[in-house]
Amino acid sequence: MESGSASIRILVVDDHTLFRRGLTALLQRDPQFEVVGDAGDAGHAQRRALELQPDLILLDNHLPGVNGVEAVPALREAAPGARIIMLTVSEDENDLAAALQAGAGGYLLKTVESDQLADTIVKVMDGESVISPEMMTKLVSVFRARPVVPPPPAPAPVATPAAPPAPPP
């Protein structure tokens, strides 16, 4: 981000209050970020996203009731301009694939270092997708396990009608 530009407005969603508060305090130390709110479950997150219209949502997957991956479509509808980064302990490749398919722009494990988290937020806001390095092999295995769908055949060339015969002289 350029100096003097507006800060990235963030909504933190995690069911552990201590983690939310610690993450908020960490992010607030960086002038490029402003934590505008937090939520402890998917329903509250959806209401907060609608109300606050954050630029970015940091979303845990293990939430009471509806999990984070299942909440992504509703959050995208509530705050269409917001990017979403999953910040979770889930190393399940199916959670990873489902989060990306639902529209998450990033997937980080909670073991991430603070500087890597900050870099990821900026990259995702710039339109990049970021996945924890530990999860890349799992993502590749998910896609390799899927059946290969051959591309559709190329359309047949369209025959042009022959020129009519020339009239006799």
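Q: Which residues does Arg20 touch, not counting residues up to four places away in sequence?
A: In this predicted model, Arg20 touches Val12, Asp14, Asp15, Asp38, Ala39 and Gly40. Two residues count as in contact when heavy atoms of each lie within 4.5 Å. Arg20 itself has its place in helix α1.

Q: Why is Arg20 called buried?
A: The term buried requires a relative accessible area under 20%. Arg20 has a relative accessibility of 11%, and therefore counts as buried.

Q: What makes β1, helix α1 and β2 a β-α-β unit, and of which hand?
A: Strand β1 (residues 8-13), helix α1 (residues 17-28) and strand β2 (residues 33-39) are the parts of this unit. The unit is right-handed: with the strands pointing away from the viewer, the path from the first strand over the helix to the second runs clockwise.

Q: How do you know that β1 and β2 pair?
A: Pairing requires at least two bridges between the strands. Six bridges join β1 to β2, and the two strands run parallel. Val13 stands opposite Ala39 in β2.

Q: Why is strand β2 described as mostly covered?
A: Five of the seven residues of β2 are buried, and buried stands for under 20% relative accessible area.

Q: What makes one face of helix α3 a buried face?
A: The buried residues of α3 (residues 68-78) are Gly68, Val69, Ala71, Val72, Leu75 and Ala78. Seen down the axis of α3, these residues fall within an arc of 135°, so they line one face of the helix. On the other side of α3, Glu70 and Glu77 are exposed. The buried residues of α3 pack against α2 (42-52), β3 (56-59), β4 (83-88) and α4 (93-102).

Q: How do you know that Asn67 caps the N-terminal end of α3?
A: A side-chain oxygen of Asn67 lies 3.0 Å from the backbone nitrogen of Val69.

Q: Which residues have the most contacts inside the largest nonpolar core?
A: Within this core of 28 residues, they are Val13, Ile57, Leu59, Leu75, Ile84 and Met86. The largest share of the core, five residues, comes from α3. A second, separate core has 19 residues, among them Ile85, Val112, Leu117 and Val130.

Conventions: Residues are numbered from 1 along each chain as its sequence is written. This is a predicted model: local features need pLDDT of at least 70, side-chain atom pairs count only at pLDDT 80 or more; totals for chains, interfaces and linings use all residues. Side-chain values use heavy atoms; hydrogens and water are left out. Buried means under 20% relative accessible area, exposed over 50%, partly exposed in between (1.4 Å probe, protein chains only). Helices (H or I, at least four residues) and strands (E, at least two) are DSSP runs, numbered from the N terminus. The arc is that of the directions from the helix axis to the C-beta atoms. A polar contact is a pair of N or O atoms within 3.5 Å; within protein, one must be able to donate a hydrogen and the other to accept it, and residues adjacent in sequence count only if both atoms are side-chain atoms. A nonpolar core is a set of buried Ala, Val, Leu, Ile, Met, Phe, Trp, Tyr and Cys residues joined through side-chain atoms within 4.5 Å.
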